[in-house]
Amino acid sequence: MFLFANEQIILVVADEFNSTKAKLLCFENNRAIFAPIEVNLGALGVAFGAGEIEFLKTDADPIKKEGDKKAPLGIFTLESVFGYEKDMNIKMPYLHVTEELICVDDSNSKSYNQIIKKSSKLPASYEEMRREDAQYELGITVGHNKEQIPQMGSCIFIHVEKSKDAPTAGCTSMKLEDITKIVHWLDKSKNPILIQILSSQKRELAKLYPLLEI
């Protein structure tokens, strides 16, 4: 069962829906591995995303939409690592980011929410993966909206922060040294996941993961 197959968990806890900062903790076999890491969230906070498990929410709670500048709340698989180095000695699938790679955020494209190579026919909207600001120097692909539901949000990553305290367009960012540490710890065979929640959801999380030392 999905819930109990995860030996590695990245837990991000935000105070409220409009939070642009949060604390990140890494767990292996329910025990914290590193000291807490401060991370940046979306410029307009957080909203419920399309993940593996539905958290309780009300009709008034925000739902993640394309371009809303909100980081997704929920439980998500961690799919792979990407970066500017040609090769990395890590235990996750690795994608070398070149100038020919883009991530598609055009809901009308069959490649929506996918990283693809450029072709002669480009989607109406996309983002370059080889950025000038080095935010994608190293990153982790989050399994958000894996069913490619139109307008539910795309190209969600954990990546390098633009600058200290700079919010994101909907991702989770941190210092290069911190994400480097996490990337070398992650192991695909241990089914790593990202859990992003509000502080008020800790009790709900404890019911799903009663052994997690939060």
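The following questions and answers explain how terms are applied to this predicted model.

The model is predicted, and local features need pLDDT of at least 70, side-chain atom pairs count only at pLDDT 80 or more, while totals for chains, interfaces and linings use all residues. Residues are numbered from 1 along each chain as its sequence is written, and side-chain values use heavy atoms, with hydrogens and water left out.

Q: Why does the radius of gyration of the chain agree with that of a compact globule?
A: The radius is taken over C-alpha atoms, and the globule rule is 2.2 Å times the number of residues to the power 0.38. For 214 residues a compact globule would have a value near 17 Å; the chain has 16 Å, which agrees.

Q: Why is Glu 54 called exposed?
A: Relative accessible area decides the term: buried means under 20%, exposed over 50%, and partly exposed in between (1.4 Å probe, protein chains only). Glu 54 has 57%, and is therefore exposed. Glu 54 lies in the loop between β5 (46–48) and β6 (71–83); strands are DSSP runs of E with at least two residues, and helices are runs of H or I with at least four, numbered from the N terminus.

Q: What makes the pair Glu 54 and Lys 57 a polar contact?
A: A polar contact is a pair of N or O atoms within 3.5 Å; within protein, one must be able to donate a hydrogen and the other to accept it, and residues adjacent in sequence count only if both atoms are side-chain atoms. The side chains of Glu 54 and Lys 57 are joined by such a contact of 2.4 Å.

Q: Why is Asn 113 called buried?
A: Asn 113 has a relative accessible area of 14%, so the residue is buried. Its place is in the loop between β8 (101–104) and β9 (115–117). The side chain of Asn 113 reaches the backbone nitrogen of Cys 155 at 2.8 Å. Contact means heavy atoms within 4.5 Å; beyond four places in sequence, Asn 113 touches residues including Val 104, His 144 and Cys 155.

Q: Why is Lys 23 called partly exposed?
A: The relative accessible area of Lys 23 is 46%, and Lys 23 is therefore partly exposed. Lys 23 belongs to strand β2 (residues 21–28). Leaving aside neighbours within four places in sequence, the contacts of Lys 23 include Val 12 and Ile 37. Lys 23 and Val 12 are 11 residues apart in sequence and 5.6 Å apart in space, C-alpha to C-alpha.
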